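Welcome! Please take a moment to look over the sequence and the 3D view before reading on.

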Amino acid sequence: DDFRRLADGLRAKDPAAFAEAYRRFGAALRVAVRRLLPDELRRDYDSLDFVQDVWASFLAAPLDRYRFDAPDDLVGFLARLGRNRAVEVFRGRFGTAKR
């Protein structure tokens, strides 16, 4: 019930729900991003840079299109956002002939 209220608040873009999600799942997101960050990016980027990008993307996402039935669903979604951001930066840095 508690998580269901949180998920409903996130879909409604309630600032208090976002603050609660950050408080409850911020540490899990940091761990996930650190695990997913390629070694080639670690020397130029801190994992917290990606964590901040994930939260910004999450705030802007159309959350009414997603369904989070359990806390693991939300953490998984956040981790995918982090992975996608790391892949995007990696491709930009290492995917061109210039580099």
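Here is a short briefing on this chain, grouped by topic.

What you see is a predicted model. The chain comes to 5 helices and 0 strands, and from the N terminus its elements run α-α-α-α-α.

**The chain as a whole**

- Along its principal axes, the C-alpha trace spans about 50 × 25 × 20 Å.
- Of the chain's 99 residues, 31% count as buried.
- The accessible surface is about 6,300 Å², and carbon and sulfur atoms account for 48% of that area.
- Among contacts with a separation of 6 or more, 62% are between residues 24 or more positions apart.
- There are 20 positive and 16 negative side chains, and the centres of these two sets lie 4 Å apart.

**The nonpolar core**

- The largest nonpolar core has 25 residues. Leu-10, Phe-58, Leu-63, Phe-68, Leu-74 and Leu-78 are those with the most contacts inside it.
- The one that gives the most is α2, with 6 residues.
- Which residues does Leu-78 touch, not counting residues up to four places away in sequence? They are Phe-25, Leu-29, Val-54, Trp-55 and Phe-58. Phe-58 is itself listed with Leu-78 among the residues with the most contacts inside the core.

- The buried residues of α1 are Phe-3, Leu-6, Ala-7, Gly-9 and Leu-10. Seen down the helix axis, they fall within an arc of 160 degrees, so they line one face of α1.
- Just after α1 comes Lys-13, which sits in the loop between α1 and α2. Lys-13 has a phi near 60 degrees, a positive value in a residue other than glycine. For background, most residues other than glycine have a negative phi.
- Is Lys-13 buried, partly exposed or exposed? With a relative accessible area of 34%, Lys-13 is partly exposed.

- Ser-47 has its place in helix α4. Buried means under 20% relative accessible area, and Ser-47 has 9%, so Ser-47 is buried.
- Leaving aside neighbours within four places in sequence, Ser-47 is in contact with Val-33, Arg-34 and Leu-37.
- Gln-52 also lies in helix α4. At 57% relative accessibility, Gln-52 counts as exposed, whereas Ser-47 is buried.
- How far apart are the C-alpha atoms of Gln-52 and Tyr-22? They are separated by 11 Å, while the two residues are 30 residues apart along the chain.

Technical notes
Residues numbered from 1 in each chain as written. Predicted model: local features only at pLDDT ≥ 70, side-chain atom pairs only at ≥ 80, totals over all residues. Heavy atoms only, no water. Core = buried A, V, L, I, M, F, W, Y, C linked by side-chain atoms within 4.5 Å. Buried < 20%, exposed > 50% of the residue type's maximum accessible area, 1.4 Å probe, protein only. Helix = DSSP H or I, 4+ residues; strand = E, 2+ residues; numbered from the N terminus. Contact = heavy atoms within 4.5 Å. Areas by Shrake-Rupley, 256 points an atom, 1.4 Å probe, with all protein chains shown as cover. Lys, Arg positive; Asp, Glu negative; His and termini not counted. Charge placed at Lys NZ, Arg CZ, Asp CG, Glu CD. Arc of directions from axis to C-beta.
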